[in-house]
Amino acid sequence: MSSASAIPATYGEVFDRGYAHYDGRRQGRLAAWWALTAYSMKRAMGIRKPWTAKVVPFCLYLSAVIPVVVMVGAAALLPRAEIAGYPRYFDGIALVTWIFIATVAPEMLCVDRREHTLPFYFSRAITRSDYVLAKLAATVLLTMTLTVIPVILLWLGRQLVANDPGHAMRTHLDDLGKVMLIGVMLAIVGGVAGLVVASAIDRKAVAVAVIVAGELTLTAIAHFSFVAVHADWRRYFIFLSANNVFSAVVHRFFPASTLDETFMEIQASFSLQTYLLYLLALVAIGVLFVRWRYLPRE
Amino acid sequence: MTMAPARTSAQPNGQVARTPADGAPPIIETRGLRKAYGGVVALDGLDLIVPRASVGLLGANGAGKTTLIRTLLGLSKPTKGTGRVVGYDILTQGTQLRQHVGYMPEAEGLPSGTTAADFVGHMAEMSGLPARAARQRAADVLYQVGLAEERYRLIKGFSTGMRQRVKLATAIVHDPDLVFLDEPTAGLDPQGREEMLELVERIYRTMGIAVVFSSHILEDIERICDYVVILDNGRLVTSQPLAGIGDVQGTLVVQIEGDLAAFSSLLVERGYQVERGKDDMALNDLIVHFTDDEVYDAIRDAAVRLNASLRSLRSGSRTLEDIYLGDVGAMREAQDVVS
C-alpha cells in the first residue's frame with residue numbers, strides 16, 4: 001500500500017500561505033494609462049457586470065448594424081433594391097450614435113466621481129491629465145466601434161453586390177477612407193461632447209438625459225431658426241449643433257447625396273475647411289474644459 | 001524598535017537592492033515643507049527624517065495629516081520646500097514614486113458594482129503590474145486581508161469592515177515599499193477596529209512594508225507603531241521613536257497593603273531609587289525609578305518577603321499621551337507668547 005492511500009479520507013492540513021513580495025516587472029505610466037483605458041471600456045460595455053448592463057450597448061450595436069445587413073441582403077437578393085448612400089446612413093444612425101455616447105460617457109466619469117474612487121486612481125502611477133486622456137480615449141474608441149465598423153460593412157456590402165466586386169473595391173477605395181474618417185471624427189467630437197457633460201454632472205441618469213436631449217434640442221433649434229429667419233446670416237445657425245455640421249461635412253465628402261436642396265446643411269454653404277476647423281475648435285475647447293474640471297481644487 | 005523582515009525593493013536608479021530594516025535609508029525626508037491654501041497654512045516648514053518603521057502620524061483633526069500624506073504622495077504641490085519618499089523626489093517623480101508607495105484614503109470610496117478581485121486587480125495594473133501578475137497579486141492580498149472567500153462578490157454587499165479591508169488590499173496590492181494609511185480604523189466597530197489594527201501590524205511586521213499610520217487615536221498608535229510624528233496646526237511637534245516610552249526605563253507607581261518603609265528598603269537594597277508620593281492623594285504611593293525590566297521581579301520578591309498585598313502597579317513614565325499633551329501644549333504656549 002502506498003503512503004498516499006494510507007491517509008484517511010477526512011485528513012486535512014491548513015498551510016499558511018505567507019506573504020510573497022512581488023519582484024516582477026513594473027511597466028510604468030503608459031501601461032497604467034492603457035490599463036485604465038481598457039478597464040473603462042469594459043465597464044462601459046457592461047463586461048464583468050450583470051447582464052442588464054450589457055443590454056443597452058448591445059441593442060445600439062444591433063441598431064447600427066441591422067440596417068446595413070438588411071440593405072446589403074436585400075440588394076443581393078432583389079435586383080431592384082438599392083443600398084442607401086453614406087450620407088443617408090450617417091443621418092440614420094445619428095440618433096443611435098448620440099444615445100450610445102450618452103450611455104458611455106457618463107459611465108466613464110460620473111461613476112468615479114459619484115462613488116469617490118478618484119483618490120484611488122490619483123494615488124497610482126498616473127497624473128490627472130492621464131486620467132482624463134484615458135477616459136477620452138476609451139470613449140472615442142468605443143464610439144468608433146459604432147461609427148466606423150458598420151459603415152465599413154456598408155462600404156463592403158456596396159462593393160460586393162456590384163457586378164465586378166474586385167473592380168468596385170478598387171474604384172471606391174477612396175470612399176472607404178472618407179467614411180472611416182467621418183466615423184472617426186464623429187466619434188471624437190461626440191465623445192468629447194459627451195465627456196464635457198459627464199464631467200459637469202455627478203448623476204449618471206441626468207448626464208444621459210442632458211446629452212441626448214441637448215443634442216436633439218440644439219439640432220431642432222438650429223433648423224427652426226434657419227427656417228424662421230430669412231436674413232443671409234441665418235446660415236450661421238448651422239453651428240448651433242454639431243450634428244448639423246456633421247451632415248454638412250458628409251455632404252461635402254459625398255456631394256451627390258440624396259439631401260434635399262432646401263436643407264440647411266446645403267444652403268449654409270461653408271467650406272469643408274470651415275466645418276473641420278469648427279469641429280477641431282469644439283474638440284479643443286471640450287478637452288480643455290474636462291481637463292479643467294479635473295484640476296486639483298486647492 | 002522592532003525589526004521588520006528584510007525585503008527586496010526597486011530603487012530609483014532601477015537597481016534592485018536588498019534593504020534591511022535596520023540601517024536602511026529613511027523612508028521620508030522633507031526640508032522646509034510648506035503648504036498653504038491661500039492664507040491658511042496647512043503645513044508649516046516641516047523638516048522630517050523618518051526611518052523605515054511602523055510610523056504613527058498623530059494629530060488632531062485639521063492638524064495637517066492628510067495634507068502631509070497628499071504632499072508626500074506627489075498629489076499636492078508644496079508651496080515651498082522639498083521632500084523625498086522611498087528615494088523619489090515628491091516634486092518631480094510623482095508617478096514613479098506612486099509605483100512604490102501605497103495609499104489607503106480615509107474617505108469611503110469603492111465602486112459598488114465591482115467585485116473585490118476585479119477592483120483590486122485593476123488597481124494593481126494601475127500601479128504598473130502586468131495584467132496576469134495583477135490578478136495573481138489581487139488574489140494573494142485579498143487572502144492576506146481575510147477576503148479570500150468573498151473576493152468574487154460585489155463590493156456593494158460588503159460591510160464597513162470588509163470595505164476597509166478592500167481599501168487596504170488596494171493599498172498593498174502592488175507590493176509597495178511604504179504604505180500610507182489615512183485613518184484606517186475610522187467608522188469601525190470595536191471588533192472591526194481590532195482586526196484592522198492586527199492587519200496593519202502584520203503589514204509591517206510580517207510583510208515588511210513600512211507603514212505610515214495616520215490617526216488621532218493615541219492608543220492605536222501606541223499599540224502598533226515604533227515611531228511617531230506628531231503634528232499640530234501644520235507644525236511638527238515631535239518626530240521620535242516610541243521605544244523606551246513607558247517600558248524599558250522610567251518610573252513605576254506601586255501601592256501595597258503592608259509596611260511601606262520596609263518594602264521601600266528592600267527595593268533600595270536591590271539598587272532601585274525609591275521615593276514616597278508627594279501629593280496628598282498619593283502619600284501611600286511608592287515611586288520606583290528603574291532602568292531595566294527586572295524591577296517587576298524585585299517588587300514581587302519584596303511583596304512575598306513582607307507578606308504584603310500588592311494593590312496597584314502602574315507606569316509612572318511618560319506615555320504617548322504625556323508627550324502629545326505636553327509637547328503640543330508647550331508649542332501652543334510658545335506660539336501664544338510669540339504672538
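What share of the contacts in chain B with a separation of 6 or more is accounted for by residues 24 or more positions apart? The share is 68%, where a contact is a pair of residues whose C-beta atoms, placed from the backbone, lie within 7 Å.

The model is predicted: local features need pLDDT of at least 70, side-chain atom pairs count only at pLDDT 80 or more, and totals for chains, interfaces and linings use all residues. Residues are numbered from 1 along each chain as its sequence is written, while chains are lettered from A and ligands numbered from 1 in the order in which they are written.

**Chain B**

Ten helices and 16 strands make up the secondary structure of chain B; helices (H or I, at least four residues) and strands (E, at least two) are DSSP runs numbered from the N terminus. Chain B has 339 residues, of which 44% are buried, that is, have 20 or more other C-beta atoms within 10 Å of their own, with C-beta atoms placed from the backbone. Its two domains, whose bounds come from an automatic or database domain assignment, have centres 43 Å apart, taken over C-alpha atoms.

| Domain of chain B | Residues |
|---|---|
| Domain 1 | 24-241 |
| Domain 2 | 250-315 |

An open antiparallel sheet of chain B has four strands in the order β4-β3-β6-β7; strands pair if DSSP finds at least two bridges between them. Its edge strands, β4 (40-50) and β7 (88-89), each pair on one side only. Strand β6 (residues 80-85) is joined to β7(B) by two bridges, and V85(B) has Y88(B) as its bridge partner.

**Contact with chain A**

Chain B contributes 37 residues to the contact and chain A 34 residues. On the side of chain B, β1 (7-10), α2 (94-99), α3 (116-126) and α4 (131-144) each supply at least two residues. That side comprises 16 nonpolar, 13 polar and eight charged residues; Asp, Glu, Lys and Arg count as charged, Ala, Val, Leu, Ile, Met, Phe, Trp, Tyr, Cys and Pro as nonpolar, and the others, Gly among them, as polar.

**Nonpolar cores**

A nonpolar core is a set of buried Ala, Val, Leu, Ile, Met, Phe, Trp, Tyr and Cys residues joined through C-beta atoms within 7 Å. The largest has 145 residues, and V120(B) and V211(B) have the most contacts inside it. Helix α4 (residues 86-114) of chain A provides the largest share of this core, 15 residues. Apart from this core lies another, of 14 residues, including I256(B) and Y272(B). Not counting residues up to four places away in sequence, V211(B) touches S54(B), V55(B), V179(B), L181(B), V200(B), I203(B) and Y204(B).

Conventions: A residue is buried if 20 or more other C-beta atoms lie within 10 Å of its own, exposed if 12 or fewer, and partly exposed in between; C-beta atoms are placed from the backbone. Two residues are in contact if their C-beta atoms, placed from the backbone, lie within 7 Å.
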